[in-house]
Amino acid sequence: MIEAKNLCKRFGVIEAVRDISFVARDGEITGILGANGAGKSTCLRMLYGVLTPDGGQGCIDGIDIRGETSKARAHLGVLPHATGLYGNLTARENIHYFGSLQGVDAGRLKARSGELARALGMESFMERRAKGLSQGQRIKTALARALIHDPGNIVLDEPTNGLDVMAIRNLREMLLALKAQGRCVLFSSHVMQEVAALCDRVVIIGHGRVLADATVQSIRDRSGAASLEEAFLQVLGDTAGVS
Amino acid sequence: MHALFTVFGKEFLENLRDRRTLVSALLFGPLFGPLLFGLMVSRMLNQSVVESDEPLRLTISGGEHAPGLARYLAAQGVKLTPATLSENEARAAVRGGGAQVVLIIPEEYGPRFTAAEPAPVLLVADSADSQTRKNADRARTILGAYASGIAQLRLQIRGVNPLLAVPVAVNEVDVATPTGRAVVVLGFMTYFVLFAVLMGGLYLAIDSTAGERERGSLEALLSLPVARSSLVGGKILATCAYMCISLGLSLTAFVCVFRFVPLERLGMSANLGAGTALIFFGICLPFVPLGAALMTFVASFTRSYREAQTYLTTVLLVPTLPIAFASIYSLKTQSSLMFIPSLSQHLLMTSVLKDEPIAALDVWVSAAATLSVALVLMVLTARHWRRETMLG
């Protein structure tokens, strides 16, 4: 479970995140939807502990990310906006490097990376250098890297950016599989259809605030709009830029 | 500690597979210096040895006006090439390389010589060319000797003691030892050694910081439950490993090169065998973490590979500054200078080359001072990595 409690963050004069609270539950996929610059990445970065909030608190499975960073991070897998790999290492070495830094021992690493390779369909390129991999293969490697320590919570920052239709579809299946395993999946996007197709809950963010936090169905019911698109637009109001 | 060694292992392996790192750390860095140096020194030495053995060649125009002088020159072993050149033709010939030094004896030489007035001769040479300048100097010395010989004869004929014209007799004593003389030539070697040390870690320092950022792997790395100091420590340690390899290769190359440089022919001996190389390795070892920390620190502030390269090229020049000061002020090894990194290594290595005894305390002070600066830089780097701006 991932909790954001009244998170605030400012960079100089810009208030990137004003007051954001929400809960992403286990066994659910929670989507953060917002325009570019709405504060999605800043919010996620505070939740996985690379940014310190000016106010509020982020908790992973009830553990404060600032108070016990290492302990909280052990429960968390992160796929940041930039998912760069080490080109001169093979896919497996990339995954093992992160696993080892997560404190996973050698025997467990081998078993776990084999498991992930099968689950994500990576067996054909596990021993290839990362610089020769396709975009789809790279995202699988990055995802396996984030999951190597078997975390209960996964945060993904705009994971579908730059992926083709097939790769997006693959990713969607992977996220659904993670949800089926009872994990908490939190991901951000500015593509409405993606969120609608995948999420159980949606948190809509605009100008650093939560505009709506509800199930996809209830948003639609509440707004009384016929299509999901219109329902979203009503919630967003003047928050332009969501495609 | 486990995380630190994991980072170290990964950086070491990854860069072992990177051609750029290998070329700079294991080829260009350590070999460029010794090869260039060996070539330069052996060429310099060959030249000066050959010159003093070879007879002086002189193009002489109007030799018939001064048969006495011509005979004297020939008796001194000067190879004379007779020619008929005007002053302008002689200038052109020297400038064009047709002749090195031209001696022109004008027609008036004979009458003036007989009348015991100063008899003019013209020595045409190019002082900008170090080769012909030396030959011109030799010609001038021989002409001077002839002139003073004639002067003494003239005094004697007039009944004056010729020794009156020699009020001071200068005798030169050169106290340079064979090794001491070689140090002038070898002084630059220490810079090449320190350069090789830095080159060894240059690309790894860039790749593990700015490269990490440019590749987009930094944020994922920073979101791991690992202390930033372990990340920085592992990266600096890997950089140190490559720098040590580079240092070892560089010293080995120097030892090999000096086997082939004919220093003995100049009466010099280079005190550079395997034993000295080992001592050099020990002296330079504290400089390794300093260089690694300095380069990692500077590269941590840059946003891209290219930017890091620009800044680090300047860092490569840093160890030259103290060495340049040392040669301008001809500094000698002394304890107060042991606090300055790179200068202390330079002075200690020079002392070893000169076969001078070095104080154990100086070695310790040099190591301690260098390592302290390294430690400060490491702490600053780790602190920078803990800041949010690291994400860029």
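# Briefing: a predicted model of chains A and B

14 of the 14 residues of helix H12(B) are buried, so this helix is largely enclosed by the rest of the structure. The model is predicted. The predictor gives the complex an ipTM of 0.89 and a pTM of 0.80.

**Helix H12 of chain B**

- Helix H12 of chain B covers residues 287-300, which is 14 residues.
- At 1.5 Å a residue, the helix should span 20 Å. The C-alpha atoms at its ends are 20 Å apart, so expectation and model agree.
- How many residues of H12(B) are buried? The count is 14 of the 14.

**Chain B as a whole**

- Chain B contains 16 helices and 4 strands.
- Its C-alpha atoms fill a box of roughly 100 × 45 × 35 Å, taken along the principal axes.
- A compact globule of 392 residues would have a radius of gyration near 21 Å. Chain B has 31 Å instead.
- Of the 392 residues of chain B, 39% count as buried.
- Take the contacts in chain B between residues at least 6 apart in sequence. Of these, 74% join residues at least 24 apart.
- The average pLDDT of chain B is 85, and 92% of its residues score at least 70.

**A closer look at Leu316(B)**

- Leu316(B) sits in helix H13 of chain B, which runs over residues 305-317.
- Is Leu316(B) buried or partly exposed? It has 16 other C-beta atoms within 10 Å. A buried residue needs 20 or more, and an exposed one has 12 or fewer. Leu316(B) is therefore partly exposed.
- Setting aside neighbours within four places in sequence, Leu316(B) is in contact with Phe195(B) and Leu198(B).
- Phe195(B) is 121 residues away from Leu316(B) in sequence. In space, the two are 6.8 Å apart, C-alpha to C-alpha.

**Where chain B touches chain A**

- The contact joins 18 residues of chain B to 23 residues of chain A.
- On the chain B side, helix H1 (2-16) and helix H9 (218-222) each supply at least two residues.
- H1(B) gives the largest share of that side, with 4 residues.
- By class, the chain B side has 7 nonpolar, 4 polar and 7 charged residues.

**Confidence in chain A**

- Chain A averages a pLDDT of 87, and 93% of its residues score at least 70.
- Among the elements of chain A, helix H3 (residues 91-101) has the highest mean pLDDT, 95. Helix H9 (residues 228-236) of chain A has the lowest, 68.
- Over residues 239-243 of chain A, the pLDDT is below 50. Beyond near neighbours in sequence, this stretch has 15 contacts in the model.

Note on methods:
Residues numbered from 1 in each chain as written. Chains lettered and ligands numbered in written order. Predicted model: local features only at pLDDT ≥ 70, side-chain atom pairs only at ≥ 80, totals over all residues. Contact = placed C-beta atoms within 7 Å. Nonpolar A, V, L, I, M, F, W, Y, C, P; charged D, E, K, R; others polar. Expected span 1.5 Å × (residues − 1). pLDDT = per-residue confidence, 0-100. Rg over C-alpha atoms; globule rule 2.2 N^0.38 Å.
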